[in-house]
Amino acid sequence: MKIGVVGAGAMGSLFGGHLVEAGEDVIFIDVSDKLIEQLNKDGLRINSGGRDRILSVNAGRAESFNHTQDLLIIFTKGFQTEAALRSVVHLIGPETWILVLQNGLGHASRIEPFITREHIIIGMTNFPVDLESLGYVVSRGEGHSVIWHLLGRDDPKVTQVAALLNHAGLSCVASPDAIKAIWRKVAFNASMNMLTALTRCTVGELGDQPAGRQLAYDAAAEVVAVACAVGVRIEVADVRETIDDAFSFHRDHRSSMLQDIRAGRRTENDTIGGAVVAIAKDHGVPTPLISVFSNLMSLLERSAEVRQAASPGGRSD
Ligand code: NAD
């Protein structure tokens with residue numbers, strides 16, 4: 001299958017790398033010329049399942065490719081999706097499908113202008129992946145994905161894509177529960193990512209403080225209420241269990257939002273916390289904590305400290 005990975009960062013490299021190993025015809029599309037050069041020159045170094053290897057890959061800017069793809073997998077950050085889609089329109093043909101596994105909400109509506117809704121697969125993935133250095137990605141834990149057709153129907157293409165990912169060693173289930181999995185992860189991320197970024201705490205440091213633990217539970221419960229208001233019936237207890245797991249077993253983890261803030265990068269606040277707040281408003285659901293967290297994140301992203309980290313010579317830890 002001709003597969004274009006759009007965004008060859010941490011997740012794109014993990015998925016693309018596994019698919020290359022499974023014998024698929026994969027192109028890695030990115031906007032970072034340094035990354036593209038590194039991938040083409042020295043290959044993609046990947047460590048997953050405790051194995052380190054280097055794969056020969058084909059990377060480039062979108063304009064350097066011209067064959068329409070059977071499948072595009074979107075792995076940019078949420079706020080980069082529209083620009084990325086605009087750049088790959090020439091790779092989208094009548095048979096092309098798009099799979100979106102980004103964290104957050106509203107991705108399908110950003111994709112719809114570029115492809116028929118009939119060809120969009122949505123889902124959630126929870127593989128933990130870090131960009132160790134340019135062209136080197138490490139996945140230190142287990143993960144899986146849950147995918148389903150955007151229109152909620154049982155479609156053979158979705159089953160085929162799930163089989164493709166499973167064959168590549170990327171555990172995946174095709175299930176109508178994908179929408180629940182997406183919202184559960186949004187509840188977890190909106191609570192834990194924003195709280196750890198705002199407090200600069202690791203996951204363990206947050207959970208060790210009774211106030212931090214309670215804020216995490218309460219914020220997640222707000223998102224669960226929003227999900228229920230839009231007809232996605234998820235349970236507070238399930239999200240709380242994932243939060244407790246993180247407090248116990250991922251104590252040293254620094255959330256992506258915390259890493260982004262420390263490096264002076266834009267976070268996914270708009271597509272996670274901001275998206276929840278917008279939907280909550282439309283449905284009259286109060287989200288006092290998530291609203292405050294999201295507003296504080298916006299302020300933080302514009303703060304002098306964060307801008308300083310992004311400047312040349314600024315901190316990049
Ligand atoms: P990342 O920043 O490592 O990778 C994003 C890549 O997209 C970068 O290489 C960037 O250069 C590229 N990009 C930016 N604009 C582009 C454009 N216009 N066209 C093509 N490429 C472009 O991010 P990531 O950690 O891989 O996360 C990607 C998505 O997956 C996010 O929504 C994230 O929340 C989600 N996710 C991440 C993890 C994880 O553990 N890293 C787990 C589950 C889900």
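This is a predicted model: local features need pLDDT of at least 70, side-chain atom pairs count only at pLDDT 80 or more; totals for chains, interfaces and linings use all residues.
**Entry 1**

For Met11, I noted a polar backbone atom at 2.8 Å from a ligand oxygen atom. At Asp30 the side chain takes part: I recorded one of its polar atoms 2.6 Å from an oxygen atom of the ligand. I then checked how far the ligand is covered; alone it exposes 830 Å², of which the protein buries 84%.

**Entry 2: the shell around the ligand**

I listed 23 residues around the ligand, and those that come nearest are Met11, Asp30, Asn103, Val129 and Glu268. Sorted by class, I have 12 nonpolar, 7 polar and 4 charged residues in this shell. I also asked which helices contribute: α1 (10–21) and α3 (81–87) each supply at least two shell residues.

**Entry 3: the four-stranded sheet**

I followed an open sheet of 4 strands in the order β4-β3-β10-β9 and noted that its pairing is mixed. Its edges are β4 (51–55) and β9 (129–133), each of which pairs on one side only. Neighbouring strands here are turned by 20 degrees against each other on average, direction ignored.

I next examined the pairing of β3 (residues 44–48) with β4, which is antiparallel over 5 bridges. Within this part of the sheet, I found Ile46 bridged to Arg53 of β4.

**Entry 4: helix against sheet**

Helix α1 lies across β3, β4, β9 and β10 (136–139). I recorded its direction as about 90 degrees to β3.

Notes
Residues are numbered from 1 along each chain as its sequence is written. Side-chain values use heavy atoms; hydrogens and water are left out. A residue is near a molecule or strand if one of its heavy atoms lies within 4 Å of it. A polar contact is a pair of N or O atoms within 3.5 Å; within protein, one must be able to donate a hydrogen and the other to accept it, and residues adjacent in sequence count only if both atoms are side-chain atoms. Accessible areas come from the Shrake-Rupley method with a 1.4 Å probe; for residues, only the protein chains shown count as cover. Ala, Val, Leu, Ile, Met, Phe, Trp, Tyr, Cys and Pro count as nonpolar, Asp, Glu, Lys and Arg as charged, and the others, Gly among them, as polar. Two strands pair if DSSP finds at least two bridges between them. Axes are lines fitted to C-alpha atoms, for helices over the stretch in contact, and angles run from 0 to 180 degrees between N-to-C directions. Contact means heavy atoms within 4.5 Å.
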